[in-house]
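Please work through the two exercises below with the sequence and the structure side by side. Each task is followed by a solution that goes step by step.

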Amino acid sequence: MDTFRLLEGHFPVSVRFDQRLPWLDWRRRSVSLIENENTQAIQAWDTNAGFWDERMGEGNAFFDVLLWPAVEKLLKPEPGERLLDVACGNGVASRRMANAKASVTAFDGSPAMIALASARSGPSTIDYRVLDATDYEALIGLGASAFDGALCNMALMDMADIDPLMNAMAVVLKPGGRFVFSVLHPCFNNPATIQMGELEDRNGTLVTTYSVKIARYQTPFTQVGLAMHGQPVPHPYFHRPLGMLLAPALAAGLRVDGLEERAFPPENVGSATPLSWNGRFSEIPAAFLARLRRAT
Ligand SMILES: C[S@@+](CC[C@H](N)C(=O)[O-])C[C@H]1O[C@@H](n2cnc3c(N)ncnc32)[C@H](O)[C@@H]1O
């Protein structure tokens, strides 16, 4: 059966999300359900690859303003380092890291994304590959203690399973090596977030307040959505509350030694729709980043 129909059935619109759903423990999804979700996720990204590549190019506002300054701060790519770009998409971050004179291995589960990444001009020090981040054996095949650092930019919430990746990081990173990831902030920018603008006449002055409404956070769930307005097909998001996002990393022996929460600066108000993430929501972080480190 189609995964999303299956999951839709589990979350009828009338469900009260503040209740626990004892009949569906998302964390204990069967291996076959996770595999099915993973296949559908990668297929959706493969279908959207051309659109994504065109829109992302060498960086959009979300990437350039919201993410990259924090990624650079946490990752600090150094000349001569070997870095890994996990779920690299069209390779926008891989090229930034290679421009910092690092040697980069970049992979994605979508063959179309990798074809588009390879077709873009950029430093020759990038090795693009098709690889599934949920495949532990393939990941450790990249080499034990092979990388000084790794990045997974905006992709963990797109992955059906993150345990294999976290476990693999404890193997492929050199002792002391760092793994930086960014995700849509699970508390404020999860697939069920409702973005709001409210206009009021406050004693003769018109005031608009931008806010978010959160009805679902604590219980993980899968739900299809849009990463970019107008993308050809929606793709699945895998919402994990913060504790669940970090638990597999901690269990793998990685330690958190850096955190960033990123909101758009107030002056950044250009966006696809009036209520898209932008500087009007400058008090609400749309992205969460962490740096994890393999023990020395
Ligand atoms: C939002 S895009 C981010 C791409 C890129 N990191 C960036 O910063 O632009 C998410 C990417 O995750 C990839 N992805 C999803 N599941 C994956 C998996 N199991 N293995 C590898 N890549 C996966 C998708 O193909 C897609 O390219």
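Two strands are said to pair if DSSP finds at least two bridges between them; helices (H or I, at least four residues) and strands (E, at least two) are DSSP runs, numbered from the N terminus. This is a predicted model, in which local features need pLDDT of at least 70 and side-chain atom pairs count only at pLDDT 80 or more, while totals for chains, interfaces and linings use all residues. Residues are numbered from 1 along each chain as its sequence is written.

**Exercise 1.** Determine which strands pair with β1, and in which sense.

*Solution.* Begin with strand β4 (residues 147-153), which pairs with β1 in the parallel sense over 3 bridges, L83 having G149 as its bridge partner there. Turn next to strand β2 (residues 103-108), which is also joined to β1 in the parallel sense, over 5 bridges, and here the bridge partner of L83 is V104. Between β1 and β2 the chain passes through helix α4 (residues 92-99), and this β-α-β crossover is right-handed (with the strands pointing away from the viewer, the path from the first strand over the helix to the second runs clockwise).
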